[in-house]
Amino acid sequence: MAHGDILVAEELVKSYGGVRALDGASIRLSGGEVHALVGENGAGKSTLVRILSGTLGADGGTVRAAKDARIAVVSQELSLFPDLTVRENLFPQHPPLRLGLLDRGAMDRAARPVLAELGLDVDPRTELGELPLADQQLTEIARALLRRPKLLILDEPTSALPAAAVDRLERVLRTLTDRGIAVLYVTHFLDEVMRFAQRVTVLRDGRVALAGVERAEVDVPELVSAMLGGRPEQPPRRARSLVDLPPPVVLSEVTVPGRLTDVTFTVRAGEVVGVAGLQGAGHLDALAVVCGRTAVSGGRVDVGGRGLPRSLRDAVRAGVAFVPSDRKRYGLMVDRTVWENTTAVSWLALGRGGIAPSRSELVRRTVELTERLRLRGGPYDLVARLSGGNQQKVVFAKWLATEPKIVVLDDPTRGVDVGVRAEMHRIVGELAAGGAAVLIASTDLAELTEVCDRVLVFVRGRVTEEVRGERLTEHGLAVAMQRPEVAASD
Amino acid sequence: MTETERAVDDAERAREQGGGQGRLTRRWRRLRPSARASEPVPRRWVRDEFGVLLVLGLLIAGIGIPYPDFLDTNNLLSTAHNSVYISLMACGMVFALSMREVDLSVGGTYAMCLVVGALLIRDGTAPWLAVPVMLATGIALGVFNALVTTLLALPSFIVTLGTLMLFRGVGLALADGKQITDLPLNDSFFTFAGGDPGGVPFALWVLLAVIVVLTVVLSRTRFGARVRAIGSNPDAAAFSGIPVVRTRIQALALSGLTTACAAALALAFYGAGDPTLGQGYELQAIAACIIGGTPLAGGRGSVVGAVAGAMILSVVASGLVFFEVPINWTSFATGGVILVAVAADSALRRTGRRRR
């Protein structure tokens, strides 16, 4: 290990089942530096972080740490207790005690310098849940710093933060590196990489695509290329015949406070339109508006010719089908049979089939759909017993049963295998060919380039670009999704 | 982790282990090689009630063999009659529990309906005409529970805990804290609805009809399926466009209706309106549902099971008399029976899962 290195990992290998999450990844972290780690979803970032922090064992490779190198991790999802005070949150494991009781004075004495250093000016007696999200995040960093780490790992710390909080974080990072701490900064936001980091490592498919290069030597398009690699581009887009009807989805200068600003777009019948953006960019909020999950403060919305849907049920009645990304929570009754799930919208919600239809009739309609979707499983099987791909087919089946006019898909192929993914895309194509307006979001950019006619790119709550035709490539989308001040400056 | 998530995890673990849930399960499967995954549902319908009916049968046999007098028709009928009011409340409660709601107010609803009916009859209303008013009162109180639950966005557990006392308080105030007597007891309402047409108490005929109707409603109608869907996964139900609020209003109204039904029958039988009647019935009704296989986590329910559960409580109380257990031990024994019945049912249920 060279002088100043806090942690050196070499040739790390880790597999989950048959899937290689890490395939010979190396990284070198030095004191006094912010080292950014970027990569697509599934590139192996989280696995690497967990191995470095010691919560996961590697199958192969070495991790060498400097003597007494304590490591603290601030994770993606806040791991704090909203009902406890700030003070109590700072000492979750071994709070200072006196006579067996919490020693509040000692807690405050220990906490005060750290809080001051972070510029977090809160009363330690405040309940954590009352603080804004950015302050909660700083509390979590403070908790990590109280363990006096040599290496601080920040796992996507800014995905939910407003711009001012990001500025503050930048100052905090500078303070930390001045003290000789090494920071590993995991993020999707390439502008933050350019602002905060001294070095950057790019992971792709479990391997290192760019190894610890200095920030000055790269720009955003180069980072995107490294993240995506030289993947073959898709065949040219097929021309769809659009039905000449009033468009089923119209958003006109729609504003949702803190989420969307002046968003305008339409989706015509027979069209597949993608929405893309980094976390919190507003593309998912646009889907929520169409699904009746969000109140709108300004602008005009028309969904299925019935105006703004005021509830989920309103949207369903307007002809919207919504395939959510978390299918177990929002899409399925997993303790029920396939037929009960398949008829949940057409019969239970919309009442097609009457008050008490014969069960065999409901089952017959289910079988019709499951055969069309090539579902592996019978109508009486419990959904919990199906594989992820087949569960997702049940979600599709329940919406196909309603013959939807508008299909909203949020990450429809998350966690399904390649074969099911291709089938889902075939179905999306069929729905559009049948005259449905399809709106799709996906964390898998390749999916958007494969199924969409055009993709609306959201940045900070606005539609900044519409990508179509030749430019509709993963690279094109990934660059467009970055914040304009960065993309423009390069 | 919510109940659903836990259930999903369990189910997934079971799937990964090839569907087996332990040695006992596997032995069962070997005995029944025909137990395939994709079989029509009616088999399940039988199994859900099987455990509690078995427990009820064993209890009756266990008391009847040493004390054959217990099996006397009149004694059995009166034992059943003792449980009829809680049975009716439990029939409605099944719908509330199946959609992850609780109606703790049934005791109060019962008292208030009873007082309303008795006052109307005392003040000259034809007794049979007072019945629809009582039923409407029960429905209105149920709707009130649902509206408050929805408007305040509170759990129905808390809301109905409040309305339980609220409704009983109204009953007590209307009745001036006293029993309402001086009712025209020779009216056909009291002689017929309070009597034993065909040798069986009228209330039991009503209960039988309610069981049949509500079983069909819960298992075969859209309303029943909505109730179970919401209980199974409230988020997915909302995302499917199922009218959750409307279904909640209907389910709690139904609970109010069956409770009012119990109140009308009690008025006919007792021939007086006592505002202190039915204290603690809400917990007994819930216990009956749970004994009968309706989980607090919702998603499923059994009307037959709930009634069987209520009968079990009544059989135990009656059996203790035969065993000459001092009266002060009744509560103790009832509590023990609840625990044993629930444990037995859950054990049966676990082996019963083999099929799926």
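Start by selecting Ala90(B): setting aside neighbours within four places in sequence, Ala90(B) is in contact with Ala285(B), Ala288(B), Cys289(B), Ala306(B), Val307(B), Gly309(B) and Ala310(B). Contact here means that the C-beta atoms of two residues, placed from the backbone, lie within 7 Å.

Before moving on, note that this is a predicted model, in which local features need pLDDT of at least 70 and side-chain atom pairs count only at pLDDT 80 or more, while totals for chains, interfaces and linings use all residues. Residues are numbered from 1 along each chain as its sequence is written, and chains are lettered from A and ligands numbered from 1 in the order in which they are written.

Helices (H or I, at least four residues) and strands (E, at least two) are DSSP runs, numbered from the N terminus.

**A covered strand in chain A**

Next, select strand β14 (residues 272–276) of chain A, where five of five residues are buried. Val272(A), Gly274(A) and Ala276(A) point one way, and Val273(A) and Val275(A) the other. Then show the two partners; strands pair if DSSP finds at least two bridges between them.

- Strand β18 (residues 437–441) of chain A pairs with β14(A) in the parallel sense over four bridges, and Ile440(A) stands opposite Gly274(A).
- Strand β19 (residues 454–459) of chain A also pairs with β14(A) in the parallel sense over four bridges, with Arg454(A) as the bridge partner of Val273(A).

**Where the chains meet**

Show both chains: 30 residues of chain A are in contact with 28 residues of chain B. On the chain A side, the elements giving two or more residues are α9 (312–317), α10 (327–331) and α12 (344–349) of chain A. Of these, α12(A) gives the most, with five residues.

**Last stop**

Zoom out to chain A, divided into domain 1 (5–228) and domain 2 (249–489), with bounds from an automatic or database domain assignment. Their centres, taken over C-alpha atoms, are separated by 34 Å.

Methods: Buried ≥ 20, exposed ≤ 12 C-beta atoms within 10 Å, placed from the backbone.
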